[in-house]
Amino acid sequence: MTDFKEKYGPWAIVAGAAEGLGRSYCSQLAKREINLIMVDYQEKPLKELATELEKEYNIKTKKIFSDLSLKDSWQNIAQDCESLDCRLLVYNAACSVVKPFMDQDHEDIDCQISTNNLALTHTTMWFANKIKHKRSGGILIMSSLAGFYGTQYVPVYSASKAYCYILAEALNGELKPYGIDVMACMAGATATPGFLRSQPRKTKMGPSIMDPEIVAGKALGKLGKKAIYIPGKFNQLSYFSLRKILPRSIATNFVNSTMKKMYG
């Protein structure tokens, strides 16, 4: 924990901090004695979480209320964080719509691309330039196993998450000379409020649902060691089987068949 704080502290930004994996990242970072810049559009749960972590771990917090689906909203982070010694960005903010493509409206599409890709890219570019002279820091981008395949019922989301891990993979090499560690965490099904609200049906071949605290803790532990990390033995085995053994067409059909059983 001391090494982690020396490399990535004393402040960290968590975008999408109020619930789910973002909440778990905040908790895991607070345990490592990292002060938190917490970004979310949900004011009440963000304030409650900040108060809870301040009391339990004796850390400082800064709250930024911003909807990252809105144009140029990432600038709120840049303006409020410019003076702070922050060397870690966890971009967890995401918009996910579980719905057949032709039933999604244009607002659904805009929200997913704006939050998952545009705000991510602008925030990451600003942050990399902010810390490049420090020769120490990290960027952790939350992607998804859905990004490995064209997945029905989440077509825009899965495409946007493919962008996330490709961006992280590219920046892992490009930013390494500046001492900046970049990693994409390819999470599978995780017991977040967002996933549970989608009301997936249980299936025999369905995904293994992980605890968000475990996902966040393991991802932070792998930062600086991998460009892409898949948490969970079941997810790692699934990835190996579907990506390394089966032809892509068969693997994609299997994934889509599972999604149809869960949501169709």
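Predicted model: local features only at pLDDT ≥ 70, side-chain atom pairs only at ≥ 80, totals over all residues.
Some ground rules come first. Local features were kept only at pLDDT of at least 70 and side-chain atom pairs only at pLDDT 80 or more, while totals for chains, interfaces and linings use all residues. Residues are numbered from 1 along each chain as its sequence is written, and side-chain values use heavy atoms, with hydrogens and water left out.

Helix packing is a handy place to start. Helices here are DSSP runs of H or I with at least four residues, strands are runs of E with at least two, and both are numbered from the N terminus. Helix α2 (residues 20-31) and helix α3 (residues 43-57) have axes that come within 10 Å and cross at roughly 20°. That angle makes α2 roughly parallel to α3; the label covers angles under 35 degrees, with over 145 called roughly antiparallel, 65 to 115 roughly perpendicular and the rest oblique. For the record, axes are lines fitted to C-alpha atoms, for helices over the stretch in contact, and angles run from 0 to 180 degrees between N-to-C directions. The α2 and α3 crossing is right-handed, meaning that the near helix is turned clockwise from the far one by less than a right angle, with anticlockwise being left-handed.

A second pair involves α4 (74-81) and helix α5 (residues 106-131). Their axes sit 9 Å apart, and the packing angle is about 20°. So α4, too, ends up roughly parallel to α5. Here again, α4 passes α5 in a right-handed crossing.

Next come the charged contacts. A salt bridge is taken as a side-chain nitrogen of Lys or Arg within 4 Å of a carboxyl oxygen of Asp or Glu, and the count by this rule is six. R23 belongs to helix α2 and E52 to helix α3, so the pair links parts of the chain 29 residues apart. R23 counts as partly exposed at 31% relative accessibility, and E52 is partly exposed as well, at 37%. For these labels, buried means under 20% relative accessible area, exposed means over 50%, and partly exposed is in between, using a 1.4 Å probe and protein chains only.

Another salt bridge pairs K5 with E33, at 3.6 Å from N to O. K5 is in helix α1 (residues 2-8), whereas E33 is in the loop between α2 and β2 (35-40), and 28 residues separate the two. K5 is partly exposed at 32%, and E33 is partly exposed at 49%.

D85 and R87 form a further salt bridge, with their closest N and O atoms 3.8 Å apart. In this pair D85 is partly exposed at 32% relative accessibility, but R87 is buried, at 11%.

On the greasy side of things, F240, I245, L246 and I250 make up a nonpolar surface patch with about 380 Å² of accessible area together. Patch members need over 30% relative accessible area and no salt bridge; like charges are joined within 9 Å and nonpolar side chains (Val, Leu, Ile, Met, Phe, Trp, Tyr) within 5 Å. The areas come from the Shrake-Rupley method with a 1.4 Å probe, and for residues only the protein chains shown count as cover. F240 sits in helix α9 (residues 233-245) and is partly exposed, at 47%. Helix α9 also holds F234, which counts as partly exposed at 39%. F234 and S208 are 26 residues apart in sequence, yet their C-alpha atoms are 6.6 Å apart in space.

Most residues other than glycine have a negative phi, and most peptide bonds are trans. The bond joining G9 and P10, however, is cis, with omega about 5°, and P10 is in the loop between α1 and β1 (11-15). N58 is not a glycine but has a positive phi of about 55°. N58 lies in the loop between α3 and β3 (61-65) and is exposed, at 70%. D72, another non-glycine, has a positive phi of about 65°. D72 is in the loop between β3 and α4 and is partly exposed, at 36%.
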